[in-house]
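Hi,

Here is the structure I promised to pass on.

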Amino acid sequence: MKIGFDIDDTLINLREHAFEIYKRKLNIDVPSEQFYELNRVEIHELFGLTDEQGNNMWNRSLEEIYYTECPPYDGAIETLKELMAEGHEIYYITARPKEHGERTKEWMKKKGFPIEDTRFFYGMQDHEKVNFIKELQLDYYVDDKPAILETLSQESVQPLLKDQSYNRNYPGPRIFHWYELKTFLKNK
Ligand SMILES: [Mg+2]
């Protein structure tokens with residue numbers, strides 16, 4: 001099978017990593033519970049920032065957010081390795097900006113993700129991911145953003161959501177932990 005994956009907040013815990021960076025940089029201690037209750041992707045409101053200030057903060061911190069020690073989710077690397085070893089094709093489709101694509105790929109490889117260079121795509125907008133997914137004829141695609149999975153509703157790909165506090169209203173199938181993915185695929 002051909003299986004595609006988003007990266008940020010699907011395979012790696014990027015928002016929480018950014019949350020820790022913001023706490024340190026802004027010297028504001030926000031309880032983690034507030035982070036876990038957020039119902040939007042952006043985290044800046046926890047620090048009293050407007051959307052514009054939050055946007056600036058994100059862009060100013062991007063280097064640190066992307067390339068320091070952001071932890072992968074438990075079981076993500078192992079699961080992808082097992083799937084690849086079983087002969088499945090693993091694709092990565094991230095909307096990270098073009099200028100960060102190759103560095104992100106190297107960072108992911110260093111972390112231990114199994115990556116084939118020709119199956120790593122970046123630099124598109126969220127709503128353009130559908131074009132890649134269609135072109136690649138993926139069987140499954142996993143992402144944390146409901147809006148992206150909704151663009152796939154007319155396609156033959158089976159969308160699968162990675163659970164997050166901001167996506168609980170999405171009605172389709174979801175995984176809470178990466179250890180669930182292989183069971184999900186087996187039961188299809
Ligand atoms: Mg994501």
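The radius of gyration of the protein chain is 16 Å, which agrees with the value near 16 Å for a compact globule of 188 residues (taken over C-alpha atoms; the globule rule is 2.2 Å times the number of residues to the power 0.38). Along its principal axes, the C-alpha trace spans about 45 × 35 × 30 Å.

Two housekeeping points before the rest. Bear in mind that this is a predicted model: local features need pLDDT of at least 70, and side-chain atom pairs count only at pLDDT 80 or more, while totals for chains, interfaces and linings use all residues. Residues are numbered from 1 along each chain as its sequence is written.

The protein chain has eight helices and six strands (DSSP runs numbered from the N terminus: H or I of at least four residues for helices, E of at least two for strands). Starting at the N terminus, the order of elements is β-α-α-α-α-β-α-β-α-β-α-β-β-α.

Now the sheet. The six strands make an open sheet, ordered β3-β2-β1-β4-β5-β6, with parallel pairing (two strands pair if DSSP finds at least two bridges between them). At the edges are β3 (120–122) and β6 (174–175), each with a single partner strand, so one side of each has no neighbour in the sheet. Strand β1 (residues 2–5) runs parallel to β4 (residues 140–143), and three bridges join them. Phe5, for instance, has Val142 of β4 as its bridge partner.

On to domains, whose bounds come from an automatic or database domain assignment. Domain 1 is 2–12 + 72–186, and domain 2 is 14–67. Their centres, taken over C-alpha atoms, are 23 Å apart. Nine residues from domain 1 and ten residues from domain 2 make the contact (C-beta atoms, placed from the backbone, within 7 Å). On the domain 1 side, the residues touching domain 2 are three nonpolar, three polar and three charged (Ala, Val, Leu, Ile, Met, Phe, Trp, Tyr, Cys and Pro count as nonpolar, Asp, Glu, Lys and Arg as charged, the others, Gly among them, as polar).

Last, a helix pair. The axes of α1 (residues 14–26) and α3 (residues 51–67) come within 10 Å and cross at roughly 110 degrees (lines fitted to C-alpha atoms over the stretch in contact, with angles from 0 to 180 degrees between N-to-C directions). That makes α1 roughly perpendicular to α3 (65 to 115 degrees; under 35 is roughly parallel, over 145 roughly antiparallel, the rest oblique). From α1, the contact uses Leu14, His17, Ala18, Ile21, Tyr22 and Lys25, and from α3, Met57, Ser61, Glu64 and Ile65. These residues divide into six nonpolar, two polar and two charged.

Cheers

Terms used:
Contact = placed C-beta atoms within 7 Å.
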